[in-house]
Amino acid sequence: LATSENPEVGAALAGEEVEGHPWALSHHSRSAFTSADLKLRELGLPLTVDAVVDSFFAMPSFVIGTDRLAIVPERLLAAIPMGGLKAMELPFSGEPIEFAVWWHPSRDVDPEHAWFRSLFRLAGRIVTARSR
């Protein structure tokens with residue numbers, strides 16, 4: 001994401017634009033990062049982190065009216081108010097996000113735990129169906 005008034009970025013983000021702007025990130029530590037942040041680092045494109053927020057939905061407030069850039073999952077764009085913002089393509093293809101649930105085998109027969117796991121399966125089916 002970028003503010004729509006930012007003339008320095010177009011529809012697709014180039015490497016020099018990644019390095020030339022401050023960033024708002026949803027996670028930023030040695031053990032907390034998004035797959036997109038990691039991919040940019042692997043490509044040798046370091047991010048200058050200017051703000052760290054606790055939610056992708058907070059990103060617009062930290063980007064609009066500034067020269068900051070931010071990465072949000074594409075599926076969330078429909079839920080983010082885009083007034084004053086523009087979305088750009090990253091300089092690489094996105095990695096799929098995988099979710100997993102782990103539990104101790106002793107919980108396999110626990111009725112409440114089985115119900116909770118069924119909610120995760122249902123959510124997975126809904127998200128998969130919507131992405132097709």
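**Sheet.** I started with the open sheet, where three strands run in the order β3-β2-β4 with parallel pairing. Its edge strands are β3 (48-52) and β4 (69-70), each pairing on one side only. I counted strands as DSSP runs of E with at least two residues, and helices as runs of H or I with at least four, numbered from the N terminus. Two strands pair if DSSP finds at least two bridges between them. Strand β2 (residues 22-25) and β3 are joined in the parallel sense by four bridges. In β3, T48 is the residue opposite P22.

**Ground rules.** This is a predicted model, so local features need pLDDT of at least 70 and side-chain atom pairs pLDDT 80 or more, while totals for chains, interfaces and linings use all residues. Numbering runs from 1 along each chain as its sequence is written, and side-chain values use heavy atoms, leaving out hydrogens and water.

**Rings.** Next I looked for aromatic pairs (Phe, Tyr or the six-membered ring of Trp, centres within 6.5 Å; planes under 30 degrees apart are stacked, over 60 edge-to-face, the rest tilted), and the structure holds one. Ring centres of F116 and F120 are 5.0 Å apart with planes at 90°, so this pair is edge-to-face. Both residues belong to helix α4 (residues 111-130), four residues apart, about one turn of the helix.

**Charge over a ring.** Finally, I found the charged end of R117 over the ring of W103, 4.5 Å from its centre. The test asks for NZ of Lys or CZ of Arg within 6 Å of the ring centre and within 35 degrees of the ring normal.
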